[in-house]
Amino acid sequence: MPCDYENFITKVYQKTGINLALYKEAQMKRRLTSLYQKKGFASFNEFFQALNNNHELLNEFLDRMTINVSEFYRNGKRWDVLDKTILPGLITNNSNPKIWSAACSTGEEPYTLAMVLSKHVPLSRLQILATDIDENVLAKAKLGVYSERSLNEVPKEIVNKYFNAEGSYFKVSDEIKKTVTFKKQNLLADHFGGPFDLIVCRNVLIYFTEEAKEELYQKFSAALKPGGILFVGSTEQIFNPNTYGFETAETFFYRKK
């Protein structure tokens, strides 16, 4: 029933912002048909009615649709360094830091940033830009609903303070969501804007060629204020930071000279 599926795609997009038409149709249709039959539904129309009325089922569906390879507080020790060593110096003379989470995926990283920064800056003054090239992961990020496994590294007091349980899923609180603005961006092709106090781009550069990495380091450097910090992933150490106008602040943290 092609019209049933097309209707389903439209309704899911209206409800969640996730555009199933961006996925290969035969593959996605097969996957979803298997899912709704397993749940005991007879058609896409019936399945959508259930999704519309059942938060838990909707969250499970969204989890299946967007492959979640990220998590909150990923590599927790690095976030401790950001919290205790980098941020105090960074915001001493700046109570309105300009922050960018580049290639933010499904939102765990910018929301973690907001939670860590909340110890140093009132949430009402926080503005975090979060960008990614994939519209569907951005739509998932804006919804702010995550499976329990994404919260494995989150300190208990932060879970209690900034997440609301929805069955076996967790929703980021509105006060944290308000601090983040999501936007589509191609790192290699688009202008970076700025100047930023802090740029976080983690576990992404490993997928680029050496030439592309060099170009991105130059662009990140140009987008930072003097004294601003670039925070990279745990497999992405910059071995020649001087080339890009950086100095090592801490392992995986680079300060613009």
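Select Val145 and look across to β5, where its bridge partner is Lys171. That pair belongs to the three bridges that join β3 to β5 (residues 169–172), two strands running antiparallel. Strands here are DSSP E runs of at least two residues and helices are H or I runs of at least four, numbered from the N terminus; two strands pair if DSSP finds at least two bridges between them.

This is a predicted model, with local features needing pLDDT of at least 70 and side-chain atom pairs pLDDT 80 or more, while totals for chains, interfaces and linings use all residues. Numbering starts from 1 along each chain as its sequence is written, and side-chain values use heavy atoms, without hydrogens or water.

Now show β4 too: the open sheet has three strands in the order β3-β5-β4, with antiparallel pairing. Its edge strands are β3 (145–147) and β4 (163–166), each pairing on one side only.

**Next stop: β7 and β8**

Select 196–201 and 224–232: these are β7 and β8, parallel and joined by five bridges. Zoom in on Ile199 and you'll find its bridge partner in β8, Leu230. Trace the chain from β7 through helix α10 (residues 210–223) to β8 for a right-handed β-α-β crossover (with the strands pointing away from you, the path from the first strand over the helix to the second runs clockwise).

Ile229 stands opposite Arg255 in β10.
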